[in-house]
2 protein chains.
Amino acid sequence: MQSRTGRIGIIGSGAIGGFYGLMLARAGFDVHFLLRSEYAAVREQGLRVDSARHGQLHLQVNAYASAADMPACDWLLVGAKATSNAELAPLIVQAAAPGAKVVLLQNGLGVEDQLRPALPDDLHLLGGLCFICVNREAPGVIRHQALGAVNLGYHSGPAEDAGQAIVEEGAALFQAAGVDSQAMADLDQARWQKLVWNVPYNGLSVLLQASTTPLMADADSRLLIQQLMAEVVEGARACGLVLPEGYAEHLFRVTEQMPDYWPSMYHDHAQQRPLELQAIYAEPLARARAAGCTLTRMEMLYQALAFLDRRTRQA
Amino acid sequence: MQSRTGRIGIIGSGAIGGFYGLMLARAGFDVHFLLRSEYAAVREQGLRVDSARHGQLHLQVNAYASAADMPACDWLLVGAKATSNAELAPLIVQAAAPGAKVVLLQNGLGVEDQLRPALPDDLHLLGGLCFICVNREAPGVIRHQALGAVNLGYHSGPAEDAGQAIVEEGAALFQAAGVDSQAMADLDQARWQKLVWNVPYNGLSVLLQASTTPLMADADSRLLIQQLMAEVVEGARACGLVLPEGYAEHLFRVTEQMPDYWPSMYHDHAQQRPLELQAIYAEPLARARAAGCTLTRMEMLYQALAFLDRRTRQA
C-alpha cells in the first residue's frame with residue numbers, strides 16, 4: 001500500500017488526528033505524527049486508543065516535535081482546531097511533499113478558504129467531516145466511544161478536474177484502514193450536513209453544560225435541537241444545497257442511540273480554549289443571510305456562545 | 001394616616017416585601033410582617049435596609065411566624081415568589097380583613113388568575129410591578145442598589161367599577177412612603193411592560209451566568225437583549241396592548257445606567273430554587289401564540305431555562 005499512497009502526515013494529533021492516524025498506521029500505512037504537548041508521552045509510550053469498536057489499540061509511532069524533522073508527506077491530515085489554522089499553515093507547508101493532498105478534518109464552513117492563500121498552488125486541499133465520538137483522555141491516550149466515518153470533499157488545487165479522483169483515493173485510503181469513508185461530490189454539502197449535528201450539540205453542550213444523553217432526554221432541549229437542525233437544513237437550502245431527505249431526523253436518531261457524549265466544544269470551553277464559533281456559527285449564518293435567509297435560533301445560540309467565549313478570553 | 005389606610009400586612013418578606021414594608025413602616029403606616037426563615041433574626045434585630053437612595057434604614061417591626069397570629073390587614077402586599085402562590089393562598093386569606101386589598105408584587109403574567117380562585121369574593125386583587133434593584137443580603141438585611149417604583153393595576157374583586165379608585169389609593173399609599181408609584185389603567189399592560197425587562201435580563205443572567213454590567217458591555221448580548229425586548233413588545237401588541245413608544249429603549253438605557261445587578265432569577269437558580277418560568281415565559285408565550293404570534297428567541301430562552309430548571313429539581 002505504501003508505494004501507492006506514499007507517506008501520511010498527521011498535523012495536530014489530538015483525539016481526531018490520533019485516532020485516524022493510529023488506524024492508518026495499524027493498517028500498514030507509513031504514518032508520521034507531528035505533536036506538540038504530547039510529544040514526550042507518545043515518543044515514550046506510543047499511541048493508545050481505547051475503542052468501543054476496535055478494542056484496545058496500542059502502537060509505537062513515528063513522532064516528531066517539529067515539522068522540520070518530518071519526511072515529506074503525500075497526504076497530510078490536519079486534526080487540529082480550526083481556530084489554529086493560521087499558525088498551522090507554515091507547518092503544513094513544511095511537511096508537504098510536492099503535490100501533496102492536505103485534508104482538513106475540521107468542522108464548519110470556510111476553513112479551507114481561510115487556509116488556501118497560505119498554501120502553495122501545487123498542493124491539493126480537501127475537507128473531511130468526521131462522524132465520531134472520540135476524546136483525548138490523557139497525553140497519547142484516546143477514548144473512542146462510537147461511530148467513525150469520514151466524509152471527504154475536494155476544495156481546490158492544481159488539477160481541479162481531477163479533484164474527484166483524489167477524493168476517491170482519500171476515501172479508499174480510510175476504507176483500507178477499516179474506517180467508513182464517503183467521497184462527496186460537493187464539499188460545501190458535506191460541511192452543511194455535518195453542521196446539522198454540530199450546530200445544536202456543540203453549542204448546547206456549552207450553554208447548558210450538558211452532554212448528549214440529558215439533552216436527548218428532556219422535552220424542551222429535544223425540541224430545540226430539532227428546531228436548530230431544521231434551521232441548518234434551511235440555511236443549506238438557501239445556499240443552493242439540498243440535503244438528503246430526512247437527514248436531520250437520521251442524525252437525531254443516531255445521537256439518540258449514541259453513548260453519552262460531550263462534544264468537543266464543551267471540552268474547549270471547559271479548558272478555556274477558543275471556541276470554533278467562526279466556522280460552525282458565524283460563517284454559516286453569514287452565508288445564509290447573504291442568501292436572504294435568517295436563522296434566528298442559530299443566531300441567538302451564536303450570540304450567547306460569543307458572549308461566553310469573549311468572557312473566557314478576557315479572564 | 002393609619003385611620004384611612006388601616007393595617008398593612010407583608011406576606012413573604014424577602015427583598016421586595018422587606019424593602020417596601022420597611023419604607024411604609026418608616027413612614028408611619030401600621031405594618032405587620034409575616035416571616036418564615038427570617039423570623040428569629042428580624043424579631044431580634046429588626047429589619048435593615050442598606051439603601052443607595054435612602055441611606056441606612058433600621059427599624060424594629062411587627063414580626064410574625066404564623067398568619068394566625070397577625071391582626072386582620074386591610075392591605076396585603078405579597079412579595080413572595082410567584083412559584084409559591086398556591087401555598088400562600090391560605091395565609092393570605094387568614095391575614096386578610098373583610099374587603100382587604102391583596103397586591104401581588106410579582107413579575108410575569110397570570111399570577112392573579114392563578115391565585116384568584118383561592119381567595120374569597122370580597123377581597124380585591126391587584127398586581128404590582130416593581131422596578132427596583134434590591135437583594136436580600138442576610139436574614140433581615142436588604143441591599144437596595146437603585147430605583148424603586150411600583151406600578152399598580154387592578155385585577156378583580158367585589159366592585160369592579162371601583163377598581164381604579166382602589167389602585168389610586170394604593171399608589172397614594174406608596175407615594176406617601178416616598179416610593180414612586182403609578183396607577184395603571186390596565187394590569188396586563190403593566191405586566192407586559194415589566195416583562196420587557198424581565199424576559200431578557202432574568203433569563204440571560206441564568207443562561208450566561210452574568211449580571212447586568214457585563215451583559216450591557218458585550219455587543220452580542222446587547223443585541224440579543226434588544227431583540228428579546230422587541231419580541232416582548234411584539235407579543236404585547238399581538239395581545240392588543242400597545243406599549244408606550246420607545247419603552248424598550250427606555251428600559252435599555254435605564255439598565256445601562258444602573259449599578260451592576262444580578263436579577264432575582266439568577267439568585268433563584270444559584271440557590272436551586274424553582275425559577276419563575278411559568279409567569280415570565282410560558283404564559284406570555286402562550287398568550288402571544290394564541291394571538292397568532294411566535295416569539296422565537298423568547299421561546300428558545302424558555303426552552304433552555306426549562307432544561308436547567310428541570311435538571312436542578314431532579315438533582
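Predicted model: local features only at pLDDT ≥ 70, side-chain atom pairs only at ≥ 80, totals over all residues.
Residues are numbered from 1 along each chain as its sequence is written, and chains are lettered from A in the order in which they are written. Local features need pLDDT of at least 70, side-chain atom pairs count only at pLDDT 80 or more, totals for chains, interfaces and linings use all residues, and side-chain values use heavy atoms, with hydrogens and water left out.

Stop 1: Helices (H or I, at least four residues) and strands (E, at least two) are DSSP runs, numbered from the N terminus.

**Stop 2: Leu125(A).** Select strand S8 (residues 124–138) of chain A to find Leu125(A). Leu125(A) has 0% relative accessibility, so it counts as buried; buried means under 20% relative accessible area, with a 1.4 Å probe and protein chains only. Leaving aside neighbours within four places in sequence, its contacts include Val102(A), Leu115(A), Tyr154(A) and His155(A), where contact means heavy atoms within 4.5 Å. Ala304(A) lies 179 residues from Leu125(A) in sequence and 33 Å away in space, C-alpha to C-alpha.

**Stop 3: helix H9 of chain A.** Select residues 219–238, a helix of 20 residues. From first C-alpha to last, H9(A) reaches 29 Å, close to the 28 Å expected at 1.5 Å a residue, a span counted as 1.5 Å times one less than the number of residues. At its start, a side-chain oxygen of Asp218(A) comes to within 2.8 Å of the backbone nitrogen of Asp220(A). Buried residues of H9(A) include Leu224(A), Leu228(A) and Val232(A). The buried residues pack against H7, H8, H10, H12 and H13 of chain A, together with H13 (296–314) of chain B. Just after the helix, Gly240(A) takes a positive phi of about 85°.

**Stop 4: both chains.** The contact takes 26 residues from chain A and 25 residues from chain B. Between them the chains bury about 2,300 Å², 61% of it on carbon and sulfur atoms; buried area is the accessible area (1.4 Å probe) lost on putting two parts together, summed over both. Now select Met300(A), Gln303(A) and Phe307(A), which supply 31% of the area that chain A buries against chain B, more than any other three residues.

Which surface do the copies use? They meet through the same surface, because 96% of the interface residues of chain A are also interface residues in chain B.

Notes:
Buried < 20%, exposed > 50% of the residue type's maximum accessible area, 1.4 Å probe, protein only. Polar contact = N/O pair within 3.5 Å; in protein donor to acceptor, adjacent residues only side chain to side chain.
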